[in-house]
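Please keep the sequence and the structure in view while reading.

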Amino acid sequence: MIVSLTAPVQPAVAAPANDMPFTSATTVGIHNTYEQGAFDYLAEALDTGTSLIEIDIWPNIFTRKWKVSHDEPLSNNNNCTTGSNLADLYAGSRNKHLGDCLDNIRVWLDAHPDSGPLMLKIEPKLGLATAFGMGVDQVDSLVRSRLGDRVFRPADLLAKPDGGWYGSLDEAARMGNWPTREELAGRVLLQVIPGTVENNNPFDWSPTNEQYAEHLHDLAAAGEIEDAQIFPAARGAASGDPRDQYDADIRPWFVVFDSGASGWFNRDTTWFAENNYVLVMTSAHSVAPAISSTNPTEAEARDRLLLLAGANASIITSDWTQLPQIQSMVVPRGEQG
């Protein structure tokens, strides 16, 4: 089913009951949420009710800490702060490390246990630094130590309701093993994509998302899948299965797909919804006819959400930081307005 851009769009419906499965909804996220130009503090982004936030990270091989910034690999430039209670999230110095940003998310979720679910999209701009002790195991350890049981892990999707395990994330997704939105309240799902600098490095033979898929494959084989904290995202919106670009043994470990909305919109996306895959459509504003990436009218943003819900998006993203009424919306996936 290819959705027509001329399809009529009706006013937004109220958020559906939270007993719907996670992959049966379409929601809205914010690109580069960590930037101070977007929000003074990361908690303010979470206050919008957004379903996705994004954090860009750079490895510091000397301190073994991940810096958070868009294009400053040697320094932090972000809206994360420090503190152990909700009030601390709206005050104090900013420009903190990834661990502090994760702390902000945990503290906020602790104070809003009925919110979400929230997806945290991480982009290691330069890729991982495994040779310097900053590889997949270390990222897992950092996430586990800061977010704890707030994380919905790959193992949680793999676990069968009556005991035992599905053989891969693909099998679990196709069997509809995702929890409901209500069951995921107060939880965060992490996805990782390869970084823009990493993508342009001809000597990087193993992009971050592929490394993490291999990590999942190996942990499952070793009976240690519960250690994993992150879902790798398959990139590209070419016709067919975007996972065909990867080695056969890691393809079943991708159930999240993430690329530009314009590419997805021009192809049949029914397969993604039928198999309960998470389909993240970025740059939602750019689908023709383009609307503002930062400040569309509420009606324009609502219409774009409903249009892309009809194209089977799970989450659409842009830089709509001033529209909390849109960021908090939940509509049925696959239904045109």
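In strand 9 (residues 315-318), Ile315 and Thr317 point one way while Ile316 and Ser318 point the other way, and all of them are buried, where buried means under 20% relative accessible area, exposed means over 50% and partly exposed lies in between, with a 1.4 Å probe and protein chains only. In a regular strand the side chains alternate between the two faces of the sheet. Helices (H or I, at least four residues) and strands (E, at least two) are DSSP runs, numbered from the N terminus.

This is a predicted model, in which local features need pLDDT of at least 70 and side-chain atom pairs count only at pLDDT 80 or more, whereas totals for chains, interfaces and linings use all residues. Residues are numbered from 1 along each chain as its sequence is written, and side-chain values use heavy atoms, with hydrogens and water left out.

**Strand pairing**

Two strands are said to pair if DSSP finds at least two bridges between them. Strand 9 pairs with strand 1 in the parallel sense over four bridges, and here Val28 stands opposite Ile316. Strand 9 also pairs in the parallel sense with strand 8 (residues 278-282), over two bridges, with Val280 standing opposite Ile315. From strand 8 the chain crosses through helix 10 (residues 298-310) to strand 9, and this β-α-β crossover is right-handed, a term that applies if, with the strands pointing away from the viewer, the path from the first strand over the helix to the second runs clockwise.

An antiparallel pairing is found between strand 2 (residues 52-60) and strand 3 (residues 65-68), which share four bridges, and Ile57 has Val68 in strand 3 as its bridge partner. The hairpin of these strands has four residues between them, and Arg64 takes a positive phi near 60° there. Arg64 is partly exposed, with a relative accessible area of 45%.

**Other backbone features**

Asn276, in the loop between helix 9 (270-274) and strand 8, also has a phi near 60°, a positive value in a residue other than glycine. With a relative accessibility of 18%, Asn276 counts as buried. Two cis peptide bonds can be described as well: the bond from Gly116 to Pro117 has omega near 10°, and the bond from Ala288 to Pro289 has omega near -5°. Pro117 is found in the loop between helix 2 and strand 4, while Pro289 lies in the loop between strand 8 and helix 10.

Rolling a probe the size of a water molecule over the atoms shows where empty space is left. On a 1 Å grid over the protein atoms alone, a cavity is a set of points where a 1.4 Å probe fits but cannot get out, a pocket is an open set with protein on both sides within 12 Å along at least five of seven lines, and lining residues have an atom within 4 Å of a point. Grid points are joined across faces, edges and corners, and a volume is the space filled by probe spheres set on the points. By this rule there are two cavities of 30 Å³ or more.

| Space | Volume |
|---|---|
| Largest cavity | about 70 Å³ |
| Second largest cavity | about 50 Å³ |
| Largest pocket | about 270 Å³ |

The lining of the largest cavity includes Ile57, Ile122, Val139 and Tyr212, and the elements that give two or more residues to this lining are strand 4 (118-124), helix 3 (136-147) and helix 7 (208-221). By class, the lining of the largest cavity has nine nonpolar, one polar and no charged residues, where Ala, Val, Leu, Ile, Met, Phe, Trp, Tyr, Cys and Pro count as nonpolar, Asp, Glu, Lys and Arg as charged, and the others, Gly among them, as polar.

Among the residues that line the second largest cavity are Phe22, Arg181, Val278 and Ile315, and strand 1 (residues 25-30) gives the most to this lining, with three residues. The lining of the second largest cavity divides into four nonpolar, four polar and one charged residue.

Of the 18 residues lining the largest pocket, Gly49, Thr50, Ser115, Gly116 and Arg181 lie nearest its centre. Helix 1 (42-47) and helix 2 (98-111) are the elements that give two or more residues to the lining of the largest pocket, whose residues divide into seven nonpolar, eight polar and three charged.
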